[in-house]
Amino acid sequence: MPEPIRIVPYDPRWRADFARLNLEWLERWFTVEPVDREVLGDPERHILADGGRVLFAVDAAGRALGTVALRHEGQGVYELTKMAVDPQARGRGIGRQLLQAAVDAWHALGGRELFLESSRKLGPALALYESAGFRHRSAPRPGSHYARADVYMVYEPDA
């Protein structure tokens, strides 16, 4: 039986894990962009200070196995971003747990719109987003921060 995973809010002890988990997939699939380095290097300033959230999936020993963030764009609009699961922990439903926790946090924040940007290269992630109620829009998103983004999705579970 797999060990229980808890989804917990940001704590500075997992700051390095936030970067580590995201750099793993970014370096494998893409080029790490300047905006990535800024956000991953200082999530307190680039996510939390503006009313966003960073969540972690942790095991019983308190090890961070995954992470996701909500970046507040203003006026109730949030970007689901920086979602990553440790390669050794994939296939255990951790990504789905993180995604649901992020959607729940967005609701708790009174969010008006939730969107994400991704890449067609990340098929399993896109399937997860689609199954959770994210719907495709024309990409790239106006004002996109990412050169790699060729997918733009908006959360519309009832569509």
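**Ground rules.** I number residues from 1 along each chain as its sequence is written. The model is predicted, so local features need pLDDT of at least 70 and side-chain atom pairs count only at pLDDT 80 or more, while totals for chains, interfaces and linings use all residues, and side-chain values use heavy atoms, with hydrogens and water left out.

I looked up the largest pocket, and its volume is about 750 Å³. (A pocket is an open set of points on a 1 Å grid over the protein atoms alone, where a 1.4 Å probe fits, with protein on both sides within 12 Å along at least five of seven lines; lining residues have an atom within 4 Å of a point. The volume is the space filled by probe spheres set on the points, joined across faces, edges and corners.)

I found 33 lining residues, with Met83, Ala84, Leu122, Ala125 and Tyr129 nearest the centre. Elements giving two or more of them include α1 (15-29) and α5 (123-131). Strand β4 gives the most, seven residues. (Helices are DSSP runs of H or I, at least four residues; strands are runs of E, at least two; both are numbered from the N terminus.)

**Backbone.** I checked two non-glycine residues with positive phi. Gln75 has phi near 55 degrees and sits in the loop between β3 (64-74) and β4. Gln75 is exposed, at 70% relative accessible area. Lys82 has phi of about 50 degrees and lies in β4. Lys82 is buried, at 6%. (Buried is under 20% relative accessible area, exposed over 50%, partly exposed in between, with a 1.4 Å probe and protein chains only.)

I also noted a cis peptide bond between Ala139 and Pro140, omega about 0 degrees.
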